[in-house]
Amino acid sequence: MFETDSHEANLLARASLDHCVKCTICETQCPVMAVTPAFSGPKYVGPQAERYRHGLSVDHSLDYCSSCGTCTLVCPQGVKIAELNSVARAAMKKDHMPLRDRIISRTTLMGTFGDPVAPIANAVLGFAPARWAVEQVVGIHRDAAMPTFRTQTFTSWWKKHTSPTPTRGKVVYFHGCAGQYFEVETSIKAVEVLERLGFEVLVPKQGCCGLAAQSNGLFDTARDWVTKLSHQLGVEPGTPIVAASASCVGMLKHEAREIMGVEDPALIDVGTRIRDLCEFLLELSEAGELNLDFHPIEMTVPYHAPCQLKGQGMGKPAIDVLRLIPGLTVIDAQATCCGIAGTYGLKKEKYAVGQAVGKPLFDKVKEVNPELAVCDTETCRWQIAKSTGATVVHPIWLIHKSIFGE
Amino acid sequence: MKNLSADIVVIGGGSTGVGVLRDCAMRGYSAILVERADLAQGTSARFHGLLHSGGRYVVSDHESARECAEENAIVSRIQPQAVELTGGLFVVTPQDDPAFGDKFLAGAQSAGVWVEEITPGTALRQEPRLNPGITRAFRVKDGTVDGWQLAWSAIASAKEHGAQVLTYHRVTQIHSADGAVNGVSATDLRTGEDVRIACSFVLNCAGPWAGDIARAAGCSPVEVVPGRGVMVAMAHRLVNTVVNRCIVPADGDILVPVHTVCVIGTTDHKVSDPDHLEIPRNEVQQMLDAGEVLIPGFRQARALHAWAGARPLIKDDRVSASDTRHMSRGMAIIDHSGRDSLRGLLTIGGGKLTTYRLMAQHMVDFMEEQTGNVHPCTTADEMCPGGEKGHNYLITHRLKDREADRLESPIICECELMNRKMFTDLLKAQPNSSMDDWRRQLRIGMGPCQGGFCSARVAGIAHEESAVDADRATGLLKLFLEHRWIGLWPLLHGDQVRQAALDQWMLHGTLDLDHVPSSKGVEPEVTKPKEPLVVPASDEGKKSTTEVKEGNND
Amino acid sequence: MTDTIVIGGGLAGLAAAIRLAQAGQSVTLLQYGVGGLQLGQGTVDVLGYAPELVSDPFAGLDAYVGGHKGHPYSLFSPDEIKASVDWFAGLLPDLLVPGDGQNHRVPTALGAMRPTYIVQSSMHVPADVTSVAIVGLRQLKDFYPKMCAENLAKTSGWATSPYWLDFPARAGGVDSTATSYATDLDDPDTLARFAAALKKAIGNEDAVGLPAILGLRNPQVWSVLAEAVGKPVFEIHLGPPGIPGMRLTHELTQEALRLGVRVILGSKVIGFESEGGRISGVLHQQAGRDKVYKADNFVYAGGGFESGSLAMDSYGVVTETLFGLPLAMGQGDSGPLPSHEDLITGDYWADQGLFLAGLAVDSAMKPLDGKTAVYDNLHVAGGILAGAIRWSEKSGDGIAIASAVRAADAILDAQSAKQPRNEGKE
């Protein structure tokens, strides 16, 4: 007899397996199943295997699931396939979490550690023997895309920054770990565009959303972090919260609740107020309130919508916003996944799978514009850049350029 | 005409018959079992799957409770692969009298049945979907058992001790001379060949059909009152522990997690013909209501399949014949030497699957009293084949097995995780079998899609492996789908409607199964022609009939 | 902003969205998941059995509709159905073989010869073929060539010979899906290896039948194979996933995107707002919040029971799950439905009345309550229409396309009645 434990054994995801009619739609769209027989596929490890799970974790191959969430997105019956897998993986990893999964998922720790000595950290991570050593110790593949640390964090820029006088309401800016340590320019451009629109931008002290911990099955850590963050971001009641990291937005909007059962009122409040940056701009545009002058950019760029953005079920707002820029042609790559899936493609045993998953996207990028590609999430940008050699930017870079003309 | 001989012929391949066969064989008798269909195809598989701890009887029947507790431990030990040690709970719901819990505890103590009261909070942590309003909860040692696995491993043991088994053989006559049984005639329903078995003793273990067998021996009628019970399987295990309502035993008071499903049971209505059991919609509704009391939201969960089984109760004058639940659950043995002046024939009735081994022991003891031979019963001491590892069944077994061999053999039935090798091994072992036989062995088509995806694959493989020709393979496929529908249409609602619609699209729309030629009569006709049914006044509306030629225990 | 919102990404939804976008409307397509079109065989059925085999689906249509009161085809003339289906075939000239007024017969994995009106080029079997090699793949569990061949010998009149090919889609794979095979065969090198193995395996039959796995994105896989083996090659229908259905879904979606349709995947439409007898917006259940999408017109193509647009609860109550529209058993019927006990019977081979249930509509495909349209700007199309058991008679695609075209045209007509159509609108 096993004692079942709280949320993991219990809630919506498990109930949703009743809706599965075995139709195979998830299997046809799963990017991992498409490239390796080592993964039995979302239908198998999700609603099928779940009927056999009780207490013992016996199907470790489910770890080949990259948690990209495509299966849940495409399921016409409402089965929370990816969520089922995430919960099963958390149960599996409770006992034997590899060191690697712990290290990768502590995004802020990694950032904090790397920051003061960024050039050295970059040199170490970029230097082959060191990467080889890291791979041996923690199982990160030596060719995998790793973030580049910046010498200046976003908050150190923000402290020195002088804001213009606001002409409309407030927004809270959520920079996320990447926007703080690795993708500082993206945060800066986002704030400058929001301020150009006349908003008073607020940047409360903020930690990590816990997504990396969650996708590696470290639920307890992730629950603590996302709850703490929700209280930090929720400081101004009713104020929109805007973020440039689409995956962190997804965590706050729904993943923390649906996968880990976090029911903190602060999270629920923040989840309804938070907007992806392009989603926010599109809403303004639809309301006729995007009072910006877009200057032409004569260029064709490929765009990749990250899995965790698609998973929010709002379409691809970046495409609609970028189409406001005269001269700019945006080609939707229509790829399923870039293969990084958060931290999946970093891992030694998954690296080749991740590269194969991303190949159709990489080919599309090389075909459309080998110099520049656009994508809303930082880990995907690192993966595409590493795998294609293109510069990959957040859509705000093009919007910023179109407005400020830099 | 084939001639065989044996000391004893056992009639009926349900749990009682296989237990008796094994006991006879282990005492050194030559014995042959004759069954008109497949093993454990009647009542022994059309139940909810509960291996009683005795808890259910601690208030009403101490003796029965004690026997259950003892036999539960024995069966779990000698046939571990058929038994899952789920544990059980008795819960007092908001609709029930908490004071009954005191009677329950006191009864358990005097019957010697292990019971432990726990707080409602502890029970809810163990089974989070339970009604949060429960006021008391008790742990018991209920388990769940697969009636087919139980029968097959007992048969394997009997065969090791020299017994023979004739399935798909219908008994046509029991012969006697000078007031003593001396043989049994039967017909092989697949080949039409007649078989005559010379013997000196016949043990009638035909359950609800025992009256027919007594008639074949020319005895005066043995009145069997089949009690029909309807059960509903839900698509996954809403609980992982057996959950009983702590009340005087009633309809719909047990929820049993067995294999990948959980089963709510059961109703109880007297019927006249165990070959044609209906699944009345109002009884399905009654089960859904009962489930709702134990698990709020039960009606929104996916109901997979329904079936009906017939309790084999021999009529007992102490209670009214229409109230079969309160008839004694204990076994009854009819000695035909006194009753009908025919020596060498015993008929057994009643009992329950949990105590099948003990019932067999009593029956063979009774026979030996008459014949004067005395051998010790050793059936409780020896492990049945297949259980040597001593591990009880776990819900995770098939998932674990497929994790090990998923890169070696493709998975054919995805719901029940049956791979191609499991199926082709079975075809080699039992080449002349039907798709329903394969289902009972391997759980093909018993999951959520009810054969929508796997049945055509199974037909294709069977044909490929030359077990059957294309006509027969297509015929088996069609018959299998017809049989699945018997347990589907009376409960069709919610998610199962979506599944039924998709299955129709695939099999009839895309594959155009309706226009593929096939042979008819692919399975032997084992049931009697349908007789007019006596329908209780309360059972108005549309009825489904379970043909007993195929089992429906999901 | 948005002229029309289409709900549902199946055949009817995509056809309606394309038709509207072709006329210059701005269209948003909301789909909960990927549409069920890819579970089917990627052909266009009009009428296959009545219940005897139908060869010209349009010739007998009036008589068939006359004998099936309330059939969705009673809303259209045979000429209109033919025109709609021809328009549809014209959208994808590289993929579809246009109908010439006669049904094709295409083999299925079980060995039936299924009647359908429009096939994909990869399914076409030349008329002079008399002997066929039926080839299965060891690692594909959904196709058994011996069973298919033996049954086809009886249903098609061909002399058939079964063959196995040992050709895993992925190295080490034992359980390859049709999708894996199809994506692999898109690759020219794999296709060349496959062609060589196939040529070696078969005998001197006139043609080769293969399970429907011949390429997902590359529409020329079948012709490359045919050239390599020197004889016609055709596809045989499998259960899901239907590779030809995936091709059709993909091509239609690309066409919709090319015409500027905004496709939003993955959230469910869970409610609506109405005002003065019109739908003003629908409520879309996105992550974190529900968003209202507003439009002038709405096309609801959510499918039937298999998609959950129609549902029956545990008490036997049947409902349309989004707008709560009145249900009927056929066109011209004003409900209420018979008791659920009369909708489902124990005869497995009988058509179940439940699957006739759906919506009755007016000539503009507006759902009716009695004789009155429920909402002035809500049109429906496809599987949700009452009155046909589509899988039995093989009529689902014709109903979907004809109703989608009518719904779209009704919207466009109403628009042009109000204002001259702006042809240049993008």
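Reply: The area buried between chain A and chain B is about 3300 Å², and carbon and sulfur atoms give 52% of this; buried area is the accessible area, found with a 1.4 Å probe, that two parts lose on being put together, summed over both. This is a predicted model, in which local features need pLDDT of at least 70 and side-chain atom pairs count only at pLDDT 80 or more, while totals for chains, interfaces and linings use all residues. Residues are numbered from 1 along each chain as its sequence is written, chains are lettered from A and ligands numbered from 1 in the order in which they are written, and side-chain values use heavy atoms, with hydrogens and water left out.

The contact (heavy atoms within 4.5 Å) draws 33 residues from chain A and 39 residues from chain B. Between these two chains there are two salt bridges, a salt bridge being a side-chain nitrogen of Lys or Arg within 4 Å of a carboxyl oxygen of Asp or Glu. In one salt bridge, the side chain of A:Arg51 meets that of B:Glu416, at 3.3 Å from N to O. On the side of chain A that touches chain B, helix H3 (residues 42-50) of chain A gives the most, with four residues; a helix here is a DSSP run of H or I with at least four residues, numbered from the N terminus. That side of chain A has 14 nonpolar, 10 polar and nine charged residues, where Ala, Val, Leu, Ile, Met, Phe, Trp, Tyr, Cys and Pro count as nonpolar, Asp, Glu, Lys and Arg as charged, and the others, Gly among them, as polar.

The structure holds 17 cavities of 30 Å³ or more; on a 1 Å grid over the protein atoms alone, a cavity is a set of points where a 1.4 Å probe fits but cannot get out, and lining residues have an atom within 4 Å of a point. Grid points are joined across faces, edges and corners, and a volume is the space filled by probe spheres set on the points. The largest cavity has a volume of about 460 Å³, and of the 31 residues that line this cavity, A:Met33, A:Ser40, C:Lys141, C:Asp175 and C:Thr177 are the closest to its centre.

Note on methods: Helix = DSSP H or I, 4+ residues; strand = E, 2+ residues; numbered from the N terminus. 1 Å grid on protein atoms, 1.4 Å probe; cavity = no way out; pocket = protein on both sides within 12 Å on 5 of 7 lines; lining within 4 Å.
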